[in-house]
Structures are given as structure tokens and as C-alpha cells.
Amino acid sequence: MSDGYTVVVIDDHPLFRKGVLQLLALDERFILVGEAASGAEGLAIVQAQNPDLVILDLNMKEMDGISTLRAIKELDLDSRVVMLTVSDQSSDLVAAVRAGADGYLLKDMEPEEIISSLAEALDGQMAIPERLGRVLALALRDDDASQRNAMMDSLTEREREILACLANGLSNKLVGRELGIAEGTVKVHVKSLLRKLSFRSRLEAAIWAVEQGIKLR
């Protein structure tokens, strides 16, 4: 996107929120359009601004990060939502991904790594530290695999190809290039396959597909 990515930051810790804003200001790709100190305030800003990216804290008072995430996803916008948190607990990670998070980053990561991971999330790639990816894969493996494997039969051939591309970490643009279709068409297929497989995010679908050994032919 030549004009940059619009961003909303939601975090109830003023000092850390300002730090994120300063970090984003160092990269001209990111354009801040709103900041909030609570989930309710953030939800209102997201609904009004429809940003490309929402950076969301997990542990907030009153309306916590998971509740805020679910509410944002219910708006059915195209916004990517990336959790930025101190928690590396597997239960928090799994809850966030199952609620529809497009990424899960830790506040103790290097600033450069956070920026690159946010860009990857915007590009449709998996924005999650490698060690947390392994934790998530184990959690998804414990799901009712037989039921989800049966759901695979409902996917079209094109949706299966796109799922394999997600497993390979390809962005929408690269999926389109790989399959010779428009990026907008890729987005439509991704939404369809997520719905059919009962996934809330492409991150969850991609990690599950990797675990299932789904690959491009």
C-alpha cells in the first residue's frame, strides 16, 4: 500500500502505549489514526476509523483484550488485529488466536522484530514468535482433528490450494501470484475457507495446516 498502513493502538498502560507510538513513528509505513486506554474506547475508534492494523494489549481492566478482540472481529472489518502483550502463557495465546487474532507478539521482543512482525501480519503472514508457534501447534493438535478433517471435504480445490499457500506463509499478494488470481479473489477464498473450517483467523488456519502436512503440490 503506497499510502501506508493506518494503525490504532489500544493499551491501558500510558507509558507503554507512548512507546509503541514512538516506535511506529520511526517507520513511515505506519500512520497512527487513533489510540485508546481501554477496550471500549478502542472499539469505538476502530469502528469509526476502520484501520488496517489494530495493536491490542491483552491484560486490560474492565474490557480485557480478548473481549475487545472478539468485539472488533464482530464488526467484520478488514482490520488485522495483533496482540502485543507480556504474557507468553499458552492459554492466553490459544485464547487470542481462537478469538481471531492475526498475530501474537511479546512486549519484550526487540523493537525491530516487533515492527517487522507487524508488517508481516499486514501482509497476511504468520506474526508469532517461533517458540510460541510450537505451543500453538500442540494446542491445535489437541482439537477434534477428525471433525476438522471431515470439514476439509467441503473445501473447493481452489480453497485447498490457498490453504496450502497459507501453510507456506505466503501473503495474499504472493498467493495470487502463485495461483494466477487477483489479490481480492484470494481474500474472498480465505474468508470462505476460514468459515468452513471454523477458524477465526488465517494464523490459526495456517498453523493447523502446517501440522496436517498440507503443502503446495
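Contact here means heavy atoms within 4.5 Å. With that term in place, I turn to the structure before us. This is a predicted model, in which local features need pLDDT of at least 70 and side-chain atom pairs count only at pLDDT 80 or more, while totals for chains, interfaces and linings use all residues. Residues are numbered from 1 along each chain as its sequence is written, and side-chain values use heavy atoms, with hydrogens and water left out.

Let me begin with the chain as a whole. Its secondary structure comes to 11 helices and five strands; these are DSSP runs numbered from the N terminus, helices being H or I of at least four residues and strands E of at least two. The radius of gyration is 17 Å, close to the 17 Å that the globule rule gives for 217 residues, so the chain is as compact as a globular protein of that length. That radius is taken over C-alpha atoms, and the rule is 2.2 Å times the number of residues to the power 0.38. Along the principal axes, the C-alpha atoms fill a box of roughly 50 × 40 × 30 Å.

Buried residues make up 50% of the 217 residues. Buried means under 20% relative accessible area, exposed means over 50%, and partly exposed lies in between (1.4 Å probe, protein chains only). Among contacts between residues at least 6 apart in sequence, 68% join residues at least 24 apart.

I come now to the sheet. In what order do the strands of the open sheet stand? The order is β2-β1-β3-β4-β5, with parallel pairing; two strands pair if DSSP finds at least two bridges between them. β2 and β5 (103-106) stand at the edges with a single partner strand each, so one side of each is left without a neighbour in the sheet. From one strand to the next, the twist averages 25 degrees.

Strand β1 (residues 5-10) pairs in the parallel sense with β2 (residues 30-36) over six bridges, and Val 8 stands opposite Gly 34 in β2. Together with helix α1 (residues 14-25), these two strands make a right-handed β-α-β unit. Right-handed means that, with the strands pointing away from the viewer, the path from the first strand over the helix to the second runs clockwise. β1 also pairs with β3 (residues 53-56), over four bridges, where Val 9 stands opposite Ile 55. Helix α2 (residues 39-49) lies across β1, β2 and β3, running at about 140 degrees to β2. Axes are lines fitted to C-alpha atoms, for helices over the stretch in contact, and angles run from 0 to 180 degrees between N-to-C directions.

Finally, two loop residues. Most residues other than glycine have a negative phi. Asp 76, in the loop between α3 (65-74) and β4, has a positive phi of about 60 degrees although it is not a glycine. Is Asp 76 buried or exposed? At 57% relative accessibility, Asp 76 counts as exposed. Ser 198, in the loop between α10 (183-196) and α11 (202-211), likewise has a positive phi of about 60 degrees. With a relative accessible area of 44%, Ser 198 is partly exposed.
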